[in-house]
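This report goes through one protein model, from the whole chain down to a few of its parts. The structure is shown first.

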Amino acid sequence: MEFSKVLILDFGSQVTKLIARNVRELNVYCEIVRFDISINEIIEQNPKCIILSGSPASIYDKKNPEFDKEILSLNIPILGICYGAQLLSKIFKSQVKKSKIREFGPVKLIKIKQDKILDKIPNNSISWMSHGDTIYKPGKVIDVLARSEFGSVAIFKHKAKKIYGTQFHPEVVHTSFGKKFISNFIFSISNCKNNWKPSRLIKSKTKEIQDLVKGGRAISAISGGVDSSVSSVLVANAIGTKLNSFIVDTGLMRKDEIKLILPNLKKLGVNPKVINASKIFLSRLKGVTNPEKKRKIIGKTFIELFEKEAKRTKAEFLVQGTLYPDVIESVSISGPSAVIKSHHNVGGLPKRMKLKLVEPLRDLFKDEVRVLGKSLGIEKDLISRHPFPGPGLAIRILGEINQERVKILQEADSIYINILKEKKLYDLIWQAFCVLIPIKTVGVMGDERTYENTIAIRAVNSTDGMTASWSRIPYDVLDLISSEIINSVKGINKVVFDISNKPPSTIEWE
Ligand code: XMP
């Protein structure tokens with residue numbers, strides 16, 4: 001069955017991804033593409049409608065990003081958001097200028113004219129604005145459908161075409177009616193079908209993988225996370241024994257990691273070889289305290305092990321659990337963001353190893369991967385696990401890494417996570433873990449003075465790890481976590497709770 005497709009032209013807004021998420025949540029397939037996509041490419045993709053994103057740019061910038069105006073003659077519904085709306089209104093000869101009052105944050109919407117796009121959206125609903133330029137004199141070909149409580153144009157429509165512009169951001173949660181607004185545009189205006197579901201992808205993905213690999217061999221490294229597990233199960237379904245998967249036991253994994261993932265994977269036809277490399281990793285990390293050095297050592301060691309496996313199995317392909325958010329970064333106009341941490345993604349690997357990539361999840365968001373994993377028969381415990389970084393516990397043991405410190409962290413982390421699960425908080429939190437801090441403090445146990453380590457507990461809410469806020473774990477649960485850890489883990493006499501958001505902090509400590 002044909003899926004309706006929505007194209008989102010990205011002008012570099014921080015929240016473009018949220019437009020995509022909103023559309024996908026309506027069970028409609030969408031893709032984010034560069035703002036300067038050619039008219040021919042658009043025709044080839046045959047979208048049901050097009051959304052123009054916001055942008056950090058102003059339409060008055062010298063080299064402001066613009067789309068191919070021919071698109072307007074395609075007779076495809078278009079929705080411009082913020083900067084996208086200003087581009088449209090400029091084309092329609094409205095006057096746009098720097099606003100006297102910068103509308104930023106929640107603003108009430110005053111409806112002026114009814115239209116299908118405003119169906120079931122009450123007057124005075126809260127919209128979220130963030131703009132410096134304002135459309136203050138609408139062109140003759142457009143109708144103003146709504147204004148902000150301060151009088152600026154909030155929604156307009158072309159008089160003869162299905163072309164709309166909104167000054168506010170319907171894609172952010174702060175716009176109370178945002179989902180309804182996008183749904184009105186997608187269904188009532190653009191007649192999209194809501195027939196896209198990640199689980200529907202199994203068949204087409206299997207074929208895609210078979211067409212790509214064409215009888216060749218592939219390797220896949222499973223980390224215990226959901227992405228590598230789901231992509232490996234998909235590839236194993238598609239190419240069977242031509243896939244050699246393995247789990248590198250770095251000695252820096254969570255407690256009982258391998259025991260947890262192995263049986264489920266085996267049941268699903270993936271039979272990963274466990275490579276015990278903990279000695280190599282720990283010996284190379286001995287005495288290393290610099291976080292970037294740790295990451296580099298781990299990345300390099302992974303590469304060596306992968307190379308060995310690829311050679312041994314004569315593989316031409318490498319399976320990677322790349323997700324859509326990673327792909328979108330590279331289409332953004334804003335260029336690569338500064339390196340905050342050199343994430344160990346296996347991105348550099350294929351170039352050096354001359355391996356071709358199999359990335360069956362590159363058009364999916366994390367929650368969609370979870371849905372797909374569930375339909376593949378992967379157990380809930382594995383699918384709903386929190387993300388875990390490639391370098392593992394190495395970047396959660398601040399300072400020196402050794403077996404004893406790994407063990408302390410594993411034990412504390414396991415107690416913490418189990419309590420979150422018992423208290424039904426685990427699934428509400430995006431990522432939770434312990435960090436071993438290289439500080440000893442004085443304590444008292446019984447009548448004895450202690451001088452032991454400190455553990456920090458971290459829990460964040462997030463959608464994609466790009467931004468995060470600390471999770472409000474109830475005090476009584478924090479109390480239980482603290483006493484369980486201190487009473488059961490030898491070597492810890494203090495537990496602290498991390499209450500920082502990202503930005504300015506990051507989720508991991510190193
Ligand atoms: P930060 O600490 O950058 O983390 O706020 C954002 C998300 O990325 C994970 N993370 C990593 N994942 N390799 C990975 O595969 C890495 O080197 C790495 N560093 C951080 C982190 O756990 C969080 O989910």
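The accessible surface of the protein comes to about 24000 Å². Carbon and sulfur atoms account for 53% of that surface. These values are computed from a predicted model.

**The whole protein**

The protein contains 15 helices and 18 strands. Of its 510 residues, 56% are buried. Along the principal axes, the C-alpha atoms fill a box of roughly 80 × 60 × 40 Å. How does the radius of gyration of the protein agree with that of a compact globule? For 510 residues, a compact globule would have a radius of gyration near 24 Å, and the protein has 26 Å, so the two agree.

Contacts can also be sorted by distance along the sequence. Among those between residues at least 6 apart in sequence, 76% join residues at least 24 apart.

Strand E8 covers residues 153-158, and six of its six residues are buried.

| Strand paired with E8 | Residues | Sense | Bridges |
|---|---|---|---|
| E7 | 142-148 | antiparallel | five |
| E9 | 163-166 | antiparallel | three |

Which residue of E8 is the bridge partner of Ala146? The partner is Ile155. On the side of E9, Tyr164 stands opposite Lys157.

E7 and E8 form a hairpin, with four residues between the strands. In the turn of this hairpin, Gly151 has a positive phi of about 100 degrees. E8 and E9 form a hairpin too, with four residues between them.

Helix H1 runs over residues 16-25 and is mostly covered, with eight of its ten residues buried. The buried residues are Thr16, Lys17, Ile19, Ala20, Arg21, Asn22, Val23 and Arg24. After H1 comes Asn27, which has a positive phi near 60 degrees.

Helix H7 spans residues 257-267, and its buried residues include Ile258, Ile261, Leu262 and Leu265. Glu257 and Asn264 of H7 are buried as well.

**Trp509**

Trp509 belongs to the segment that follows strand E18 (492-497). Is Trp509 buried, partly exposed or exposed? A residue is buried under 20% relative accessible area and exposed over 50%. Trp509 has 33% relative accessibility, and therefore counts as partly exposed.

Leaving aside neighbours within four places in sequence, Trp509 is in contact with Ile395, Leu398, Val435, Ile437, Ala456, Arg458 and Asp498. Asn75 lies 434 residues away from Trp509 in sequence. In space, the C-alpha atoms of Trp509 and Asn75 are 51 Å apart.

Technical notes:
Residues numbered from 1 in each chain as written. Predicted model: local features only at pLDDT ≥ 70, side-chain atom pairs only at ≥ 80, totals over all residues. Heavy atoms only, no water. Buried < 20%, exposed > 50% of the residue type's maximum accessible area, 1.4 Å probe, protein only. Helix = DSSP H or I, 4+ residues; strand = E, 2+ residues; numbered from the N terminus. Pairing = 2+ DSSP bridges. Rg over C-alpha atoms; globule rule 2.2 N^0.38 Å. Contact = heavy atoms within 4.5 Å. Areas by Shrake-Rupley, 256 points an atom, 1.4 Å probe, with all protein chains shown as cover.
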